[in-house]
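Hi,

Here is the structure I promised to pass on. Have a look at it first, then read my notes below.

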Amino acid sequence: MSDRHPIVEDRRSVLSGVIGAGTVLLAGCSGGDGGDGSDGSDGSDGSSGNGDGADGESYELVMGGSSQGSTNYNSMQALARALGQHSDTLSMSVQQTQGNVANMYQYDDGNVDAVATDNNTITKALNGADRFEEEPVDDIPYQSFRINGLDLFWVAVEGSGIESTADFPGNTIYPIQPGFGTRLLTEELMREHGMWDEVDILNANVGDVPGAIEEGRVDALAVYGSNRVALTGWAQEIDARNDVYLVEVADDFRQTIEEVGGARLAEIEPYGWNQDVTQVTDSITSWNLDLQCLIGSEVPADAAYEFARVSHEHGETIRESDETYADHSDPEDMTVSVIPEHPVHQGVAEFYQENDVWDDSWEIGESES
């Protein structure tokens, strides 16, 4: 294993056993309660190794999930729970990492079989842009399906005096945790707008932000919710501990959102807050980000097919653990995040073809049989 990204254990130490036929073990999901990571587990306890996916043997997919409490991590834990209940041939262990960008390096270093990430990060990795220009990845796993969507937006801290993004210069801004795909997109917007060099940037882990607000070290911050259903876990912690409110998005920043390819402008109503955040504005101007899973070429087609099948057929089970997980009852909704320039995993492509939602312009990425 390369030491440049020492974030999760080496797969050789994670995959220490062999799964017998028909046996399903879920890492990080104790007692079948949905395994949202709230117990501090990194998702590696109890993982038991890969079968070859053939002759009825079980395959364990090692998934780079992102940080505990993040949308990707919670969604993957929920899907892992559904696989445990509804599949005899596929199980999944979910590993904590430093975020969507870090996941691309974790796969490239051979530490995981698949990753949960976002389309902006994928596009930048494919093009060798931003972070990936200085430190490119050689191997990018294949696409599967959209698992969630993030609504990113600005809030200001009570007492900051900030009402609009036009007030940001000279203040301390938190643009989300370094290494997160949401940070990559937010930073791109700020740089494209010309704001980045006009503010002080707080670089901190998301779990440390409520304390930073209490200590007066941040004036405004980007937060996000999932699928217009609920705030992400660390934003809920901010809501519980800190007084914040929505910020007006000035026309010039709104225009930047429209011009940056990885962002999708949306006007939505506030959701998920237990406090009143509408002192300045009663609407959210969001830059949206689609999340999806990428699956490595070494994962057998049958395992990837099963991954898609369970997500399609057992969404109710998944949303018992993660209410924000995308609705896949219509297979066509699984395909909305496909990036045409990058292949779809063979097993997922077969699932799409069987369900008549395949686009012949997409490329199929060959995998192990």
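The largest cavity holds about 80 Å³ of space. A cavity here is a set of points on a 1 Å grid over the protein atoms alone, where a 1.4 Å probe fits but cannot get out. Grid points are joined across faces, edges and corners, and the volume is the space filled by probe spheres set on the points.

Before you go on, bear in mind that this is a predicted model: local features need pLDDT of at least 70, side-chain atom pairs count only at pLDDT 80 or more, and totals for chains, interfaces and linings use all residues. Residues are numbered from 1 along each chain as its sequence is written, and side-chain values use heavy atoms, with hydrogens and water left out.

Back to the cavity. Its lining residues (those with an atom within 4 Å of a point) include Ser-66, Asn-100, Phe-180, Tyr-224 and Leu-291. Helices α2 (71-86) and α6 (181-193) each supply at least two residues of this lining; helices (H or I, at least four residues) and strands (E, at least two) are DSSP runs, numbered from the N terminus. By class, the lining has four nonpolar, eight polar and no charged residues. Ala, Val, Leu, Ile, Met, Phe, Trp, Tyr, Cys and Pro count as nonpolar, Asp, Glu, Lys and Arg as charged, and the others, Gly among them, as polar.

The search of the whole structure finds two cavities of 30 Å³ or more.

Now for the neighbours of β11. Two strands pair if DSSP finds at least two bridges between them. β4 runs antiparallel to β11, joined by eight bridges, and β10 (residues 264-268) is also antiparallel to β11, with five bridges. Find Trp-287 in β11: Leu-152 is its bridge partner, and Leu-265 stands opposite Trp-287 as well.

Cheers

Definitions and conventions
On a 1 Å grid over the protein atoms alone, a cavity is a set of points where a 1.4 Å probe fits but cannot get out, and a pocket is an open set with protein on both sides within 12 Å along at least five of seven lines; lining residues have an atom within 4 Å of a point.
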